[in-house]
Amino acid sequence: MANGDDAGFLPSWKLKTEGVIAPDERLPAGQTVLAGIQHVVAMFGSTAIAPILMGFNPNIAILFSGIGTLIFFLCVRGRVPSYLGSSFAFIAVVIAATGYAGSGPNLNIPVALGGIVAAGALYTVIGLVVQAAGYRWVERLMPPVVTGAIVAAIGLNLAPVAVKAVSGAALDTWIGLLTVLAVGLVAVRAPGMVGRLPVLIGGLVGYVAYYFCANALGLGKPIDFSGVGASAWFGLPAFTAPVFEPGAMLLIAPVAIVLVAENLGHIKAIGVMTGRNLDPYIGRAFIGDGVATMLSASGGGTGVTTYAENMGVMAVTKIYSTLIFVVAALVAILLGFSPKFGALILTIPGPVIGGLTIVVFGLIAATAGRIWVENNVDFSSSRNLITVGATLTVAAGDLTLRFGGMTLGGIGTATFGAILLYHLLGKGRTEA
């Protein structure tokens, strides 16, 4: 199937009222707004939780997720339906670079922001190369066995953070486990759209349970809503400027490699879903994501990436119109300018966040298995086994390398190590 109207910079969006809505088609205005709000709900759980886990301001992260989505929309000329939300790939390296304790504001955010800007810059450069030379070299540099190993490494490196978050008082542990169960039940058993929002609904269940146990029964530290009452409905968020430290930049920048692999997979999947050949827009998508990440971090936001949650909504609704993501972006920007909304997010209890992190970080690691299975990775190959085994051990043990005054943490060591080890080993005798 053709890419649709390529004559202008943006599609003409032909009106359609039923059936599958293609990227270059549109619903009536009212339905477009409702569909856009639905995508805000889908992205909200992860986009709000990710900054909290790093000690960032969730208001700013949501604001820049909307701005980033508009940047992406323009870079791909309105042809690729996608939402850019907070990336979980940055969590481990940000925590490592800043020494964040896991609760409250992160006092070293500027250092992390400098590293995220560096990752966005690297990502953008890769996008420019892909735009000029095609994307096949990316697949050769990072075949599925390597990509899966890097993704699993991130999840395993984060595991201690997740467990620590629910290892305080007994109430914390039980609320954390209840949250895990709630997320799982929603994801597996809830019907329709509800099943697409496990993080949001599971977190709400944990929140209500904690409120009942702590605020009503006095079994734990009660949730403090004073900040919500004192906050204005609308106001300018407190932006933060980045600080560029070589050590943090070297630690965080390699996350760009993970984002490349993730975005490439998403664009390919969206192409299949829509029946469109989106390969010509892969380089543009990388550039859009990279520029959005740099801009976000320049103001205090998280790194951003294309969101599988929103791909799931498209798969269910069969509505692929790129205009709905413009609506979603504008709604997110509006929410970003509400301090009261941000203060409400910050009332989420620690053990609830801990339960969510157990699921989310575990899913990051488990995604590696999906990558390997879908790409028929051969684990009878010694080359593949050694590459994966060494990478996961380095990440789980948080092996740190030091070069003069610069430090490469477990994630960075595992990322570069997986790529180098795979190619250094080459094909063995049984694989020629």
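The charged end of Lys340 sits over the ring of Trp233, 5.2 Å from the ring centre. For a charge to sit over a ring here, NZ of Lys or CZ of Arg has to be within 6 Å of the ring centre and within 35 degrees of the ring normal. Arg383 does this with Tyr422, lying over the face of Tyr422 at 3.7 Å from the ring centre.

Bear in mind that this is a predicted model, where local features need pLDDT of at least 70 and side-chain atom pairs count only at pLDDT 80 or more, while totals for chains, interfaces and linings use all residues. Residues are numbered from 1 along each chain as its sequence is written, and side-chain values use heavy atoms, with hydrogens and water left out.

**Aromatic pairs**

- A search of the whole structure turns up 5 aromatic pairs; rings of Phe, Tyr and Trp (its six-membered ring) pair if their centres lie within 6.5 Å, and planes under 30 degrees apart count as stacked, over 60 as edge-to-face and the rest as tilted.
- One of them is Trp13 with Phe73, a stacked pair at 6.0 Å centre to centre with 10° between the planes.
- Trp13 lies in the segment before strand E1 (14–15) and Phe73 in helix H2 (residues 58–75), so this pair ties together parts that are 60 residues apart in sequence. Helices (H or I, at least four residues) and strands (E, at least two) are DSSP runs, numbered from the N terminus.
- Trp13 and Phe73 are both buried, where buried means under 20% relative accessible area, exposed over 50% and partly exposed in between (1.4 Å probe, protein chains only).
- Phe64 and Phe239 make an edge-to-face pair, with 6.1 Å centre to centre and 65° between the planes.
- Because Phe64 belongs to helix H2 and Phe239 to the loop between helix H9 (226–230) and helix H10 (246–252), that pair links parts 175 residues apart in sequence.
- Phe64 is buried, at 8% relative accessible area, whereas Phe239 counts as partly exposed at 42% relative accessibility.

**Helix packing: H8 and H16**

- Helix H8 (residues 198–216) packs on helix H16 (residues 350–374) at an angle of about 150°, with the axes 9 Å apart. Axes are lines fitted to C-alpha atoms, for helices over the stretch in contact, and angles run from 0 to 180 degrees between N-to-C directions.
- That angle makes H8 roughly antiparallel to H16; the cut-offs are under 35 degrees for roughly parallel, over 145 for roughly antiparallel, 65 to 115 for roughly perpendicular and oblique for the rest.
- On the H8 side, the contact is made by Val199, Gly203, Gly206, Tyr207 and Tyr210, and on the H16 side by Pro351, Val352, Leu356 and Val360. Contact means heavy atoms within 4.5 Å.

**Positive phi**

- Trp13 shows up again here: its phi is positive, about 55°, although it is not a glycine. Its relative accessibility is 12%, which counts as buried.
- Arg77 also isn't a glycine, and its phi is near 55°. Arg77 lies in the loop between H2 and strand E3 (84–86) and counts as buried at 17% relative accessibility.

**Around Thr47**

- Thr47 lies in helix H1 (residues 29–54) and is buried, with a relative accessible area of 0%.
- Leaving aside residues up to four places away in sequence, Thr47 touches Ala61, Ile62, Ser65, Gly85, Ser86 and Tyr307.
- The C-alpha atoms of Thr47 and Pro58 are separated by 7.9 Å, and these residues are 11 apart along the chain.
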